[in-house]
Amino acid sequence: TLAIRQSVPDVVLSWTTHAAGFTLFHTTNALSTNWQATTWPTVIVDDQYTVTEPVTDEQRFYRLAAWP
């Protein structure tokens, strides 16, 4: 499960470390086929992978997907 929370001025996304092999992707259009892997660093906090991104005016959609 992907969790999203705001931590002004950022957004923090996290998921369990039991989901090894998954990569966080984002896009500005949920119907797009052009999902891009996030370029922000992924760090482990307790038992969670965590990515912190700055909040922007641009709407973003996120998903986790297995990545070889």
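The largest nonpolar core of this predicted model comprises eight residues: Val 11, Leu 13, Trp 15, Ala 19, Leu 24, Tyr 49, Val 51 and Tyr 62. A nonpolar core is here a set of buried Ala, Val, Leu, Ile, Met, Phe, Trp, Tyr and Cys residues joined through side-chain atoms within 4.5 Å, where buried denotes under 20% relative accessible area with a 1.4 Å probe, protein chains only. At least two residues of this core come from each of strand 2 (10-16) and strand 6 (48-54), and strand 2 gives the largest share, three residues. Strands are DSSP runs of E, at least two residues long, and helices are runs of H or I of at least four, numbered from the N terminus. Contacts (heavy atoms within 4.5 Å) of Val 51, leaving out residues up to four places away in sequence, include Val 11, Leu 13, Trp 15 and Leu 24.

The chain has seven strands and zero helices. Three strands make an open antiparallel sheet in the order 4-3-7, pairing being assigned where DSSP finds at least two bridges. Strand 4 (36-37) and strand 7 (61-66) each have a single partner strand, so one side of each lacks a neighbour in the sheet. Strand 3 (residues 22-27) is joined to strand 4 by two bridges, and His 26 has Gln 36 as its bridge partner.

Of the 68 residues in the chain, 25% are buried. The C-alpha trace spans about 30 × 30 × 20 Å along its principal axes.

Residues are numbered from 1 along each chain. Local features require pLDDT of at least 70 and side-chain atom pairs pLDDT 80 or more, while totals for chains, interfaces and linings use all residues, and side-chain values use heavy atoms, without hydrogens and water.

Methods: Buried < 20%, exposed > 50% of the residue type's maximum accessible area, 1.4 Å probe, protein only.
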